[in-house]
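This report is a guided reading of one protein model for a student who is new to structures. Please keep the sequence and the 3D view at hand while reading.

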Amino acid sequence: MAIRVAAVGTGNVGRHALAQLISDPRFELTAVWVSSPAKAGRDAAELAGLPDSTGVVATTDLDAVLATQPECVVYTALADNRLPDALEDYRRILAAGVNVVGSSAVFLQHPWQVLPDELISPIEDAAKAGSSTLFVNGIDPGFANDLLPMALAGTCQQIHQIRCMEIINYDTYDSAAVMFDVMGFGGSLDDTPMLLQPGVLSLAWGSVVRQLAAGLDIELDEVTETHVRVPAPESFDIAAGRIEQGTTAAIRFEVRGMKDGNVAVVLEHVTRLRDDLCPDWPQPAQHGGSYRIEITGEPSYTLDLCLSSPHGDHNHAGLVATAARVVNAIPAVVVAAPGIVTAREMPPITGKGLYAGA
């Protein structure tokens, strides 16, 4: 019997999740929530870019979504600029007895010692009350820096450091809210954007560092962060808008988990808006961008993960991968123990049932 699911969010990730929920016979779509009144009343297929009507129309009312009694909600709504609302959404859904898989807010991938207890407890209490489960994942934070490095680590005799890197040109990432408001691209280097406010990097990607440390069974002494920004040498356009000369056009940051004075685990992002910027920074393994895992130990590893798609570039492929990672987790999540679960507790999420021929 198909699993009854609802979708919350139809943006860059959500529309790909919605397309899979509609086309994948493992699922029955019950409802779609949207944040924009302009999308309300539109058929789910239209929002997902599919030709055939589903009869399921979008709503801005979360209670109406829950009234359709889904077994699981796929939550992809943007949370970076609306964290209190997103956390309250999770609490309401879980308390209603509905499981959740999500791509945001990213720190829920592994929130312990990342979020204060007063923010985690309401979600854990709601899951307990509703006997429901929450799994947040994707590609980064997600399988590129939890599943893959831990799999490699399992073949080592000693580990001195695990470094997970995203090295990507974001020029085709079409979200002005993320690119300008959150990350600060196109902004003055004299202003500090949301992402680079003190502690925010450790909040967003501290979940990665803490989870890797937990996988290594070490207690970190502290988590530190560092970043650098580089201005645009001249004005140019990207998918999200205009980057004026002298404004932020490249960002490099690290979130470091420290143990006994050593950098034990690192999450590093190298983000450019043009391939020719910062040639001395790490370069991707393919044009546009890639993910890299470096393990220093015995033995040592370097693994480059290159995403592509017949329907778009590396950024498009990353959005599809993020959506598919959480959608494909639904069958495991609906039978999992109540509470917040991470990649460490989940069984392997495979491609079962996804073969589509040549």
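Cys306 counts as partly exposed because its relative accessibility is 38%. Cys306 is found in the loop between β14 and α10. Its C-alpha atom is separated by 9.6 Å from that of Gly288, and the two residues are 18 residues apart along the chain.

The model is predicted: local features need pLDDT of at least 70, side-chain atom pairs count only at pLDDT 80 or more, and totals for chains, interfaces and linings use all residues. Residues are numbered from 1 along each chain as its sequence is written, and side-chain values use heavy atoms, with hydrogens and water left out.

## Helix α10

Helices (H or I, at least four residues) and strands (E, at least two) are DSSP runs, numbered from the N terminus. Helix α10 covers residues 314-327, which makes 14 residues. From its first C-alpha to its last, α10 reaches 20 Å, close to the 20 Å expected at 1.5 Å a residue. The expected span is defined as 1.5 Å times one less than the number of residues in the helix.

How many of the 14 residues of α10 are buried? The helix is mostly covered, with 12 of its 14 residues buried.

## Salt bridges between strands

Side chains of opposite charge can pair when their charged atoms come close. A salt bridge is defined here as a side-chain nitrogen of Lys or Arg within 4 Å of a carboxyl oxygen of Asp or Glu. The structure holds 15 salt bridges. In one of them, the side chains of Glu268 and Arg252 meet with an N to O distance of 2.8 Å. Glu268 lies in strand β12 and Arg252 in strand β11, so this pair ties together parts that are 16 residues apart in sequence. Glu268 is buried, at a relative accessible area of 2%, whereas Arg252 is partly exposed, at 24%.

Another salt bridge is formed by Arg292 and Asp304, whose closest N and O atoms are 2.5 Å apart. This pair links distant parts of the chain: Arg292 belongs to strand β13 (residues 289-298) and Asp304 to strand β14 (residues 301-305), 12 residues apart. Arg292 counts as buried because its relative accessibility is 12%, while Asp304 is partly exposed at 33%. Salt bridges that share partners also join Arg163, Arg252, Glu254, Arg256 and Glu268 into one network.

## A further pair

Arg274 and Asp276 also meet through their side chains in a salt bridge, at 3.0 Å from N to O. Is Arg274 buried or exposed? Arg274 is buried, with a relative accessible area of 18%. Asp276 is partly exposed, with a relative accessible area of 49%.

## Negative charge on the surface

Which residues gather in a patch of negative charge on the surface? They are Glu219, Asp221, Glu222 and Asp260. A patch of this kind is made of residues with over 30% relative accessible area and no salt bridge, with like charges joined within 9 Å. Asp260 is found in the loop between β11 (248-259) and β12 (262-272). It counts as exposed because its relative accessibility is 60%.

## Features of the backbone

Two cis peptide bonds may be located in the view. One joins Asp140 and Pro141, with omega about -5°, and Pro141 is found in the loop between β6 (133-136) and α6 (147-153). Another joins Glu298 and Pro299, also with omega about -5°, and Pro299 lies in the loop between β13 and β14.

Gln113 has a positive phi of about 65° although it is not a glycine. Gln113 is placed in the loop between β5 (99-102) and α5 (117-130), and it is exposed, with a relative accessible area of 52%. Asp217, a residue other than glycine, has a positive phi near 60°. Asp217 is placed in the loop between α9 (206-215) and β8 (222-231), and it counts as exposed at 71% relative accessibility.

Terms used:
Patch = residues over 30% accessible without salt bridge, like charges linked within 9 Å, V, L, I, M, F, W, Y side chains within 5 Å. Areas by Shrake-Rupley, 256 points an atom, 1.4 Å probe, with all protein chains shown as cover. Lys, Arg positive; Asp, Glu negative; His and termini not counted. Charge placed at Lys NZ, Arg CZ, Asp CG, Glu CD. Buried < 20%, exposed > 50% of the residue type's maximum accessible area, 1.4 Å probe, protein only.
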